[in-house]
Amino acid sequence: MNRAHPYLPNSVPEIKEKMLEDIGVTTIDDLYVNVPEKLRFKGELKVPGPYTELEVKKLVSDTLEKNTHLKCAPFLGGGVWPHYVPSVVDEVVHRAEFLTSYTPYQPEISQGMLQSIFEYQSLICELVDMAVANASMYDWSSALGESALLASRLNHKETILVPSFISPARLAVLKTYTGPAGLKIEKVNHNPESGMMDLEDLKAKVDDETAAVYVETPSYLGFAEENVQAIGEITHEKKALYITGVDPISLGLLSTPGSYGADVVVGEGQPLGNHMSFGGPLLGIFACNHDNAIIRQMPGRIIGVTEAIADKRRAFVMTLQTREQHIRREKATSNICSNEALCSVASATYLSLLGPNGLKDLAETCTSRAHYAIRRINELESVKTPVFNSYHFKEFTVKYSKKKAADVNKVLLSNGYQGGKPLRGEFPELGESALFCITEMHTKKDIDGMVATLKEATQ
Amino acid sequence: MTVRKFKQADWEEPLVFELSHEGRYGFHPPEAEEEIRDEINVEWLVPQNIARETPPGLPEISEMEVLRHYIHLSQMNYGVNSGLIYPLGSCTMKYNPIINEVLAGHPSLTEAHPDQDPSTVQGVLEFLYKLKQGYLSVTGMDDATLQPAAGAHGEWTGIMLIRAYHIDRGEGTKRTEIIVPDSAHGTNPASAAMGGFKIVEVPSTPEGTVNLEALKAVVGPQTAGLMLTNPNTLGIFDHQIAEIAEIVHKAGGLMYYDGANLNAIMGKCRPGDMGFDVVHVNLHKTFSTPHGGGGPGSGPVGCKSILAKYLPVPDIIYEDGKYALSYDKPKSIGKVHGYYGNVNVMLKAYAYMITMGPQGLKEASELSVLNANYIARKLMNTKGLSLPFAPEKPRMHEAVLSAEKLSIDTGVRALNVAKNLLDSGQHASTIYFPLIVHEALMVEPTETEPIEALDDFIEVVKKTCELAYTNPAEALKAPVNTVVGKLDEAKAAHPKTICLSWRKLCQLVAE
């Protein structure tokens, strides 16, 4: 059948002919005259299809359903976490006016998106207790990379100090981002008991060449860094920038980067109303204090308040655009153009739904259940959790003395549980350990069931 | 003209903070079970020195109020699926198919954690693998990474591959320059600069193509590569592309293809066959995924075999009947994203790709070119407008008109034409880009717009030009049918009045 494709209204032959005639050519290929003959593609693209919507729906669903159906949410965190996405959030981000709009370059017709992003920025400022947040970065990792470049642009120094248990993925991205600028990334040792940053080692390493000190709390391994205040003081003594990385859910309970003197805050906004989707899209949080020099060096889009010229009505626009690539080209503070705008709308909706009390309730549920799991797991023989003696928020390390972490996971998986991430590859010094995560998605029943299987798997 | 009347919804919607009433909840997270609460006391858990002292200043609003608030705001916004033609040049605002959204919401995808055992995510890995295969065929490349989260992210990734290639050959310190034509997207020079390169700009010829003599004059042993969009931002296919590639390659440089304009050429010609070594493609343009008000996008990068060993890790492989992630790439540039990129966006692109099939993709490109030329021909002789750079040449998927004469004759600028378009319920074209066209109106209608929509667009532009000559004051009034009229952009950036957050706004009001 030769039918006009539902997405191609002008593929109707009479329309096509009329348009060609109006243009003054006879065939479509006349419009491709500038493509040299020898460069024209003569074959057929190796792409499946075409399929009708019905067929696509079945084919793609069948493919996706090859994924294993787990008994409960995976016990995984580390940078993406299983959290519930309220239905209202999904409803909002599916609104065609948001979903199918472009970057709000025409502010008069895009006030809805501009105000939503302004609200996102404002809500993040409240959450992390900072003066300014940008409209978003790609993810925590890229936000970290950009924050290191910002520090170096600002103070013309070249070393970035990071914790020894920094997320290996974030470290890898940080290195890619900072490689061309020639920045040096150096790890600060940890206290062998608590896992936290060794302050003496930090004092020894931070010097006049230090552009920034970066700390994650909770750390990649789940423990909260208790010396955040002291680290900030040591950092500032040497006029380096203090960058902290956060899981925003933890801020329902833990002290804010603003309260301990952070200059720049990065983090992952995925848990704030965005699905895991196998790791993307994510939402890079990027916020800074009120220092004008830092604000002017911020990467990415920023929405600000202004007013309509005629009636002075409050309105919103993209501002400080002279930092950006479309104006400044190679002198821009970053090359970022498309960001994760819709994910920030999701997070604005999410934070508005939860409010201060909902966020605290959520953080309490996560940490209570995590500690319940820690207790039950510690009752097992040949298992120790957590490896470090510190307060852990919702993630924790589990160390096996008899079995390999990968083998333990196999047994868990055969019972429908996705266990924690084996850590031997990333941190060999932790031996046969795994990083577990518990959130509001894991009920007591889920935890009990998993621990019962873990008992079987570790003996 | 199709009879439609536009007046954008306007709720004068308060800020979400202004809706707050103490004690309200919009969502209840589950509480820990009673047995857990009896056993675990949160107050004892969190060390006092790092406990949050004051709750965050988030608003307290009921569920329905939050929903209404954001629905009101959505109604004060404009999307391609809810509006009319959205002819933003370089942005490829085509229809975003609903089926793709439905499939992207499948729980097998949305609830998959990136660190799950590969055996549990075979479905996701399979479609990613197949998307990559299709991508390689469309671009004519040998290998690819899906990791970059956006177009500019892809550009920078590609530049990092070029950098790794030269370093690996011992020429890293020598090859310090990336050549960029003056018509390039702003992201090109910005991405190359982030890759540590110096930017060398080459001018365009009066035909809108790369000036070969100027190119020859700047290439040399210091050349790392050239970044090019073809068709370029004027919508013109550079017929000298093979010679350009030869000049750059002879000098030892590599060719980078900015795939922002790929929508013109799917199945017609391929970057790989034109002599390009590395490309990125914007799935949120050519492959129909929605732009979400600025993102998330997805910018996969393809390359020729000489660059494959530098691609980011991990790679998705198919071995012994199973899909897996491979980190075995010792010369890799590392990682550019925390995980594997914007997988949810990729699913939409995959669904689009197989909906269209090989013939459908080709037809989509052909019709995008037909639509752009239709508009260009019908508007180029309108009084006040012109089609600069070789007006006799056909355009590809987009055309850049100039309102320079209109502006000089009447004072009505490209900006005002854009605002009149908004008032008609259509979206504006891109304006003031590319920089080499004065008073530019960069029009990319895409293939999903029917001829009726093109005619409506043409009519509004023509009427605006006529109005400019007869009653310019009237033409300068727009927009009046949008939520707000012209805004004071200087105030937004002024040090005394700058306000980037609710807390600052409260402070300014208090003063």
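**Exercise 1. Describe the contact between chain A and chain B, and find which helix of chain B gives the most to it.**

Solution. The contact draws on 183 residues of chain B and 169 residues of chain A, where two residues are in contact if their C-beta atoms, placed from the backbone, lie within 7 Å. On the side of chain B that touches chain A, helix α13 (residues 343–379) gives the most, with 23 residues; helices (H or I, at least four residues) and strands (E, at least two) are DSSP runs, numbered from the N terminus. Sorted by class, that side of chain B has 96 nonpolar, 56 polar and 31 charged residues, with Ala, Val, Leu, Ile, Met, Phe, Trp, Tyr, Cys and Pro counted as nonpolar, Asp, Glu, Lys and Arg as charged, and the others, Gly among them, as polar.

This is a predicted model, in which local features need pLDDT of at least 70 and side-chain atom pairs count only at pLDDT 80 or more, while totals for chains, interfaces and linings use all residues. Residues are numbered from 1 along each chain as its sequence is written, and chains are lettered from A and ligands numbered from 1 in the order in which they are written.

**Exercise 2. Work out how α1(A) and α13(B) are oriented.**

Solution. Begin with the axes, which are lines fitted to C-alpha atoms, for helices over the stretch in contact, with angles running from 0 to 180 degrees between N-to-C directions. Those of helix α1 (residues 13–23) of chain A and α13(B) come within 9 Å and cross at roughly 40 degrees. α1(A) is therefore oblique to α13(B), since angles under 35 degrees count as roughly parallel, over 145 as roughly antiparallel, 65 to 115 as roughly perpendicular and the rest as oblique. Next, the residues: A:Lys16, A:Met19, A:Asp22 and A:Ile23 of α1(A) meet B:Leu370, B:Asn373, B:Tyr374 and B:Arg377 of α13(B). By class, these are four nonpolar, one polar and three charged residues.

**Exercise 3. Carry out the corresponding analysis for α6(A) and α7(A).**

Solution. The axes of helix α6 (residues 140–155) and helix α7 (residues 168–178), both of chain A, come within 8 Å and cross at roughly 40 degrees. The two helices, α6(A) and α7(A), are therefore oblique to each other. Among the residues that make the contact are A:Trp140 and A:Leu144 of α6(A), along with A:Val173 and A:Tyr177 of α7(A). By class, the residues of this contact divide into eight nonpolar, four polar and two charged.
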